[in-house]
Amino acid sequence: MIKAPVLHQTHLLIPHEEPLPSSSLSPSPSPSSTSLHGIECKTREQECLPPLLQRCKCMEEFKQVHAQVLKLGFEANTRCAGGLVAACALSDWGSMSYACSIFEQIDEPDAFAYNSMMRGHVKDCEPEEAILLYNKMQHRGIQPDNYTFPSLLKACSYVSALQEGMQIHGHVFKYGFGDDLFVQNSLINLYGKCGDMKLCCGVFDQMDHTSVASWSALISSHARLGLWGECLRLFEDMNCEGWRPDESTLVSVLSSCAHLGALHVGRCVHNFLLRNMKELNVIVQTSLVDMYVKCGAVKNGLTLFHQMARKNLFSYSVMISGLALHGLAREALRIFSDMLEEGFEPDDVIYVGVLSACSHAGLLDEGHRYFDMMRNEHRIEPTIQHYGCMVDLMGRAGRLDDAHELIRRMPMKPNSIVWRCLLSASKVCQNIESAEVASRELFKLDPHNASDYVLLSNLYAECQRWEDAAKTRTKMVNRGLNQVPGFSLVEVKKKVHKFVSQDKTHPESEAIYEMIHQMEWQLRFEGYRPDTSQVLLDVDEEEKKLRLRAHSQKLATALALIHTCQGSTIRIVTNLRMCNDCHIYTKLISMIFERTIVVRDRNHFHHFTNGTCSCRDYW
DNA sequence: TTAGGGTTAG
């Protein structure tokens, strides 16, 4: 019998903390070995291989173990090769092409080898390969097990393969894994990613036992689809049922808070995190910054951002675009410069934030400088989004001709977003000619967006071209489009209150209208006259004034004034672009009632203090 | 008798 080589004698470069067994690897079976001896060798081999593979830290070390297996002639052995495939396909240092070559040598690959290969493909973002492999597995008559389905379903979710996913759901029942928690969670995730919320919730509702991952999959599915209110409701249910959310759940919740402007819930989540987590990872911290910024608490966001021990490109991006959204361009550019000093290489998304900061604040020269820097220093080809920012920047700065010229010179065909930027800039500059060119192109590319017609019609109205304003409105109505109903949300006494225009459904409605009356009375002393030019109704002037005074944003402001004291901050989220009248009205209210009023409209944040707005009247 | 689900931010 050939003496078994001891591991270090075979130059295996595996760092080991414990001494390895003296017979770590069996010798190559000689042709004269008895079958009994062969079986013995294989058994010993099987015992020794897993710990050796576990200790591999790089491909080089793995190849040495593989070489030993080849030397022993075990490459076709289901169990040995299966272990090699798993290690090579799933480790960070592994290689799928190498794993494939081992897999192909196996005489009779079992479910374990297939599962490992499928998972490896999913890990390497090759979901189609994983699905094809499952087909092969089926053709070879190999029974899938409970480990097969999670990665297979994940592969389907990557490519939103709903039909295939549903077929596989059938297989889950066929093979008897309908009650497996991991499989069920994977199904929730699959249906959520495919946007089929009925099936997604159906799987969850039918589960006898759930886990934090089940809730997390359900909650993130809702958040991903923009069902933020439902996401927060489910989060409440999860808490009521006694589940303790983890970081991944809370990131989805924070993202919903950010979209809804639900600062109070966001703050509760922050508190929970501080009380329950030892330290917060960079994703959670970035989500918190994003939540604070998007809920209008930009100072809190900035403080948290500066406290972050580790930042990545996402963190910088959230902060830069967040500051831009608040019109704090100088601060945004300072953070960008810090980022460069820290050695981060900016990408195209960062530059969208930088350019939009310049555009929000009318920094024309800086905008041009960063646009050049992006191309020349950082070798980033401008995308249509960057051109959109530049059009916005030039247009708002009054350079509409230059903006038109840039659109003509763009290397790609301008899309509706670019034309919408130009239309909006033309509105700011009150340039009807430019607005007509932009809207003509815009209505060709995207004729179903009611707010574009409203914008053009408002511009005509501002310029007293009533007939054209009416024509634009008729065109909108004829195309079956309705103006999206406006609403405003305001958080008062830890509760979010929603108002629509002319709302009288609030329990405190009487007091709210009394407050409106008082507000108007004081506003008149400051010279306020209602600006009815944007009221798109065939009614007389008095009726227009009545409509205007009960815009949702004013009702929300009135409720907040009733319940807050001088010096406090009122936060309002509104779904449409703020009308001119609400803008001037809120500026004066901030001064008369000594409140900071932060309004997030469809595009920007407006910080009203002492009679001025952070947008400097460009929005 | 080796492995699995929720990973979330611009």
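A nonpolar core is a set of buried Ala, Val, Leu, Ile, Met, Phe, Trp, Tyr and Cys residues joined through side-chain atoms within 4.5 Å, where buried means under 20% relative accessible area (1.4 Å probe, protein chains only). This is a predicted model, in which local features need pLDDT of at least 70 and side-chain atom pairs count only at pLDDT 80 or more, while totals for chains, interfaces and linings use all residues. Residues are numbered from 1 along each chain as its sequence is written, and side-chain values use heavy atoms, with hydrogens and water left out.

**Exercise 1.** Find the largest nonpolar core and say where it lies.

*Solution.* Step one: the largest core holds 150 residues, and Phe-62, Phe-149 and Leu-273 are among those with the most contacts inside it. Step two: domain 1 (212–284) and domain 2 (409–483) both contribute residues, so this core lies between them. Domain bounds like these come from an automatic or database domain assignment. Step three: look for a separate core, and you will find one of 33 residues, including Cys-579 and Ile-592.

**Exercise 2.** List the contacts of Phe-62, leaving aside neighbours within four places in sequence.

*Solution.* Contact means heavy atoms within 4.5 Å. With that rule, Phe-62 touches Leu-53, Cys-56, Leu-84, Ala-87, Cys-88, Trp-93, Tyr-98 and Ile-102.

**Exercise 3.** Describe how domain 2 meets domain 3.

*Solution.* Start with the centres: taken over C-alpha atoms, those of domain 2 and domain 3 are 26 Å apart. Next, count the residues in the contact: 11 come from domain 2 and nine from domain 3. Then take the buried area (the accessible area, with a 1.4 Å probe, that two parts lose on being put together, summed over both). Between these domains it is about 840 Å², with 48% from carbon and sulfur atoms.

Notes: Chains are lettered from A and ligands numbered from 1 in the order in which they are written. Buried means under 20% relative accessible area, exposed over 50%, partly exposed in between (1.4 Å probe, protein chains only).
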